[in-house]
Amino acid sequence: TPAPANCAADGATGCVAVTNFPAVDKVTNLAAGNLAKIHSTVTVGGVVGTMASCSADGGLGCMSVAGFPAADTTGAAAKVLTGQILAGVSGTATPAPANCAADGATGCVAVTNFPAVDKVTNITGNAAKIRSTVTIAGVTGTLADCSTDGAAGCVVVGPTYAAAITAGAGAKIITGQTVAGVSGSATAAPANCAADGATGCVAVTNFPAVDKVTNLAAGNLAKIHSTVTVGGAVGTMASCSADGGLSCMSVAGFPAANTTGAAAKILTGQTLAGVAGTASITPGNCSTDNQTNCVATTANPAIILANVTAGIVKSGSIIAGVTGAYPNSTYPLTVGDGYVDLDFATFNAKIKSVTNFGWFDRNGTRYSTTGSANITASQIQSGVSIFGTTGTFGANCTGDGQTSCLTTSTYKSADTTSFTTWDLRVGKTVAGVAGSIDFFKGTANLTLFNRTTGTGASASTSVADFYDNIDDYNNGGALPTDIPTGWSSSGTIFLRDSLSDTGVGGGTASNGICDGTEPCVYKDRITNLLWSKADTTYRDWETAITYCASLNYGGYTSGWRLPTERELMHSYIDGIWAQKTPLNLTATVYYWTSTTWTVNATVAYAGGYGIGTMSTNYAKTNNTAVYTECVH
């Protein structure tokens, strides 16, 4: 008889008992007398226990729960107050009086803060009973701490030497051990079982006791596989190794088979699980086109031959023996619109005209569109042909700033909005933008300095030369009216900063000058540095640094600092002196720079705008001679 299925439900029968569902001795272990020992919420082997949860004081034959735990009634009466009942036991204990709350009180329970004290009788005469570390009413005790096991007449100091009730203690102590001077007589519990079939050990969850006599008798070993040992007994059931094998364990090559009605599922002439087949043999699957006497499949389905003609089969294909001829002139593609087909002969013309035309893609989807009349020679780069049209547009660029031409490696495109004339030097042109920066030519005053005669003169000419530079100090920085052609005026290098041109204080906003009391900031367009209006307060060097670092001026809330030596000199070269009035500059006072004199670190450079000089005459601690101007 084939092995039944594994048990998978409590109380199941006719199945093979497994680890999670072992067999249970229902007759012996679950007889009516034992059900009263199993809780009513538990079902074992299909039998429901009848034991209720304890719900009354002193209840018996019930399962103790949180509200009604088991109680040891032996000697319990003396532990329960007179007039009270606990676990069905009437109490005999006398209630304790209230705690003492006053020194010398009587008829009360002495507590930590108010112990009863009889100094004459109980203290002085009983000093040997008071711990040697304690003094009461001036009397120091002489009772020593216990220091040996079982010692008497000493103070227990646990946990090493704790007090112990020796009555009956021997039965609680393991044989061979001594506690509080009492020798033990208790038998030690054996170790937990840790091996299959082990004995003389405590059965645990992973190694429970097994009924070897009943459940592992010889008759049951044949139901346990030979690779399994249970309780030290080895099973004798072999793996199935022959068709139709019985009383063996089904395996991958020999699984269990449901023989009921199996004959009709097995081919005639074949035997499976010991059952001879009676089913007719099925023809093989069709594997080629136009094949007959085979089973139609997804790849080779049955087809109505009369419906297959050359006019519906793709040219080059064969279906059910019919060679296709579609599409061709006899069998053209079906067109459901009025668009002219796109063909090879007229392709270029249709692409470049506004005429509608249509075509099919490889999936048979019909599309239509209109060509573009913009595909002309004038729209195509010179030398390039598109759809049969050769371009005539865009010869290579050959000059700076040229437009409507093709850029080359020499003439590249430039974003002229990203720079101005003040980003380029005079004499340089980029993308048609002529530069304005002139680093070497200053302003001129022909009235005062022009040399038309004499040694080194410009040969009887009134054209300005290098000798005509203005004396900034003595001429007050006034802008000349006769700037030579091609030369830059320092007045155009410094530009009123628009962010500070707010009109605050009565001035006019965005007028390009400093008027009223609005903040005055000028930008040097060569260096891109912003210069603040000079402060006419004398400060030492460190205070000047702090002043600029904390300056909130002209719309710039941070970023101000002292200029370096070179920055201040460069501003003079670029012509900042021409803005001396709006920037409140004076020729008779020097201005701090952030640069320290390397010869003497206690001195910092100070610059003079009037004649463009640097001085090392001022110690950093000087606060009576130097002004401050900040740069951003």
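This is a predicted model: local features need pLDDT of at least 70, side-chain atom pairs count only at pLDDT 80 or more; totals for chains, interfaces and linings use all residues.

Trainee: How many disulfides does the structure hold?

Mentor: There are 10 disulfides in the structure. To call one, you look for two cysteine sulfur atoms within 2.5 Å of each other. The pair Cys-397 and Cys-405 passes, with sulfurs 1.9 Å apart, and so does the pair Cys-514 and Cys-520, at 2.0 Å.

Trainee: Which hand does the link of Cys-7 and Cys-15 have?

Mentor: For that, look at the torsion about the S-S bond. The link of Cys-7 and Cys-15 has 95° there and is right-handed.

Trainee: And why is the disulfide of Cys-397 and Cys-405 right-handed?

Mentor: Because the torsion about its S-S bond is about 95°. For Cys-514 and Cys-520 the value is 80°, and that link is right-handed too.

Trainee: Next one: is Cys-514 buried, exposed or partly exposed?

Mentor: Here you need the cut-offs: under 20% relative accessible area is buried, over 50% is exposed, and anything in between is partly exposed. Cys-514 has 24%, so we call it partly exposed.

Trainee: Why does Cys-397 count as buried?

Mentor: Because its relative accessibility is 8%. Cys-405 is buried as well, with a relative accessible area of 19%, and Cys-7 is buried at 9%.

Trainee: Okay, helices. Which residues of α10 are buried?

Mentor: In α10, which spans residues 565-573, the buried ones are Glu-567, Leu-568, Met-569, Ser-571 and Tyr-572. Then ask what covers them: the cover includes several strands, among them β22 (494-496), β25 (590-596) and β27 (613-615). Past the helix comes Gly-575, which has a positive phi near 100°.

Trainee: You mentioned β27. What does Ser-615, in that strand, touch?

Mentor: When you list contacts, skip the neighbours within four places in sequence. Ser-615 is then in contact with Tyr-590, Ala-604, Tyr-605 and Ala-606. Its side chain also reaches the backbone nitrogen of Asn-617, at 3.1 Å. Ser-615 has 5% relative accessibility, so it counts as buried.

Trainee: What about a loop? Where is Ala-296?

Mentor: Find the strands on either side. Ala-296 sits in the loop between β12 (275-276) and β13 (318-319). With a relative accessible area of 42%, Ala-296 is partly exposed. Now compare sequence with space: Ala-296 and Asn-285 are 11 residues apart along the chain, and their C-alpha atoms are 6.1 Å apart. Leaving out residues up to four places away in sequence, Ala-296 touches Cys-286, Pro-301 and Ala-302.

Trainee: Last one: sheets. In what order do the strands of the open sheet with β16 come?

Mentor: List which strands sit side by side. Here 3 strands form an open sheet in the order β15-β16-β17, with mixed pairing. The edges are β15 (340-341) and β17 (366-370); each has a single partner strand, so one side of each is left without a neighbour in the sheet.

Trainee: How many bridges join β16 to β17?

Mentor: There are 5, and the two strands run antiparallel. To see one on your screen, find Phe-360 and look across to Arg-366, its bridge partner in β17.

Note on methods
Residues are numbered from 1 along each chain as its sequence is written. Side-chain values use heavy atoms; hydrogens and water are left out. Buried means under 20% relative accessible area, exposed over 50%, partly exposed in between (1.4 Å probe, protein chains only). Helices (H or I, at least four residues) and strands (E, at least two) are DSSP runs, numbered from the N terminus. Contact means heavy atoms within 4.5 Å. A polar contact is a pair of N or O atoms within 3.5 Å; within protein, one must be able to donate a hydrogen and the other to accept it, and residues adjacent in sequence count only if both atoms are side-chain atoms. Two strands pair if DSSP finds at least two bridges between them.
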